[in-house]
Amino acid sequence: MDLNPPKQQLEADESIVEVSIIMPVYNASCWLDECLQAILSQDFTGSMELSVFDDASTDESIKVLEAWREKLGARGISMLISGHKSAQPRGVGYAKNRAISQSHGKYFCFQDADDVMLPQRVRLQYEAVLCHQTSLIGCKVQRLPEGSTERYTRWINNLTQEQLTTQVFTSHGPTVIMPTWFCSKKWFQEVGSFDEGGKGVPEDLLFFYQSLRQGGGLARVDRCLLVYRYHEEATTHSVTEETIWKLRVDFLQERVLSCWENFTIWNAGKQGRKLYRSLSRTNRNKVKAFCDVDENKIQKGFYTYEDAKDMTAGSLEENLCSLQLKEGVDYYHFN
């Protein structure tokens with residue numbers, strides 16, 4: 001059974017909506033009030049709408065959403081709410097695609113129901129996308145609870161503009177993270193819709209890679225514009241490391257290794273050997289050496305497993321710099 005928008009919603013105003021906030025929802029009732037209050041508090045003066053698709057929630061999500069319709073409407077933000085009541089959710093990709101298909105905006109601001117946008121988010125990302133019509137626009141984030149995923153958060157916020165492109169192969173995933181995306185409708189349609197494979201499918205990473213394949217750019221507003229919540233129920237936990245690993249290796253081979261005659265893997269431990277084994281036969285034959293900064297591994301003359309940790313203390317970066325090697329040309333970070 002589908003929850004379709006009322007007839008008056010479908011007969012939308014013919015005038016152009018500048019920004020559609022795209023929000024998939026699944027059992028998010030405990031987060032929604034804070035999320036919607038933040039949308040209400042945006043300082044963007046252009047036209048906005050909130051397009052929501054409920055993916056078979058079993059809690060009070062729809063009730064909470066409907067309770068905000070009048071408040072948002074008074075602010076000039078129309079709400080489009082639809083969904084389904086199937087026995088099982090159909091996945092984030094499916095929900096995002098449905099929210100997009102019912103929207104009217106020239107630009108999309110993607111918002112997770114458990115996150116909170118700061119008042120300047122829509123305005124500043126809208127200003128940025130006007131200069132980057134074929135790019136995914138991101139922003140810096142504040143992680144909640146504070147201190148959770150500290151290394152990941154530091155990586156998100158400290159990447160340079162160049163590294164947004166060069167570090168797309170790392171285990172962290174998209175350098176412009178999905179909860180911060182802002183893009184034009186035209187570019188989204190050029191890239192194509194989200195994968196609807198459901199639970200366990202990294203629809204954001206697949207779309208991210210496809211955007212890059214089609215010549216899309218990446219940009220970030222260097223302001224913290226989103227409170228990015230970490231909790232065990234987050235859908236990202238349903239994607240296995242092995243699924244992400246295979247996609248990353250395939251993309252690395254496609255975009256980089258296919259163009260190189262030979263290369264060195266800088267990691268003589270478990271991860272380096274796993275990468276080697278994951279390569280195609282053609283690319284394995286291009287590997288000329290394994291390198292490492294761990295003197296113990298070098299002196300042993302063979303590889304043993306040790307727990308992964310930061311062992312370089314900056315020496316790797318110093319070495320690469322001393323050799324005048326350029327990231328994105330002479331080397332790429334994978335792990």
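Is tyrosine 126 buried or exposed? Tyrosine 126 has a relative accessible area of 16%, so I log it as buried (buried is under 20% relative accessible area, exposed over 50%, partly exposed in between, with a 1.4 Å probe and protein chains only).

Ground rules before I go on. The model is predicted, so I take local features only at pLDDT of at least 70 and side-chain atom pairs at pLDDT 80 or more, while totals for chains, interfaces and linings use all residues. Numbering runs from 1 along each chain as its sequence is written, and side-chain values use heavy atoms, with hydrogens and water left out.

Entry: ring pairs. I describe a pair of aromatic rings by the distance of the centres and the angle of the planes. Rings of Phe, Tyr and Trp (its six-membered ring) pair if their centres lie within 6.5 Å; planes under 30 degrees apart are stacked, over 60 edge-to-face, the rest tilted. I get 22 aromatic pairs by this rule. In one of them, tyrosine 107 and tyrosine 126 have ring centres 5.5 Å apart and planes at 85°, so I call the pair edge-to-face. Tyrosine 107 sits in strand 5 (residues 105-110) and tyrosine 126 in helix 6 (residues 121-129), so this pair ties together parts 19 residues apart in sequence. Helices (H or I, at least four residues) and strands (E, at least two) are DSSP runs, numbered from the N terminus. Tyrosine 107 is buried too, at 6% relative accessibility.

Next I looked up tryptophan 245 and phenylalanine 334: centres 5.2 Å apart, planes at 90°, so edge-to-face. This pair links distant parts of the chain, 89 residues apart, with tryptophan 245 in helix 11 (residues 241-255) and phenylalanine 334 in the segment after helix 15 (315-322). Tryptophan 245 is buried at 7% relative accessibility, and phenylalanine 334 is buried at 9%.

I also noted one aromatic cluster, with Phe169, Phe251 and Trp260 among its members.

Entry: charges over rings. My cut-off is NZ of Lys or CZ of Arg within 6 Å of the ring centre and within 35 degrees of the ring normal. Lysine 274 lies over the face of tryptophan 245, 4.2 Å from the ring centre. Lysine 96 does this over phenylalanine 194, at 4.9 Å.
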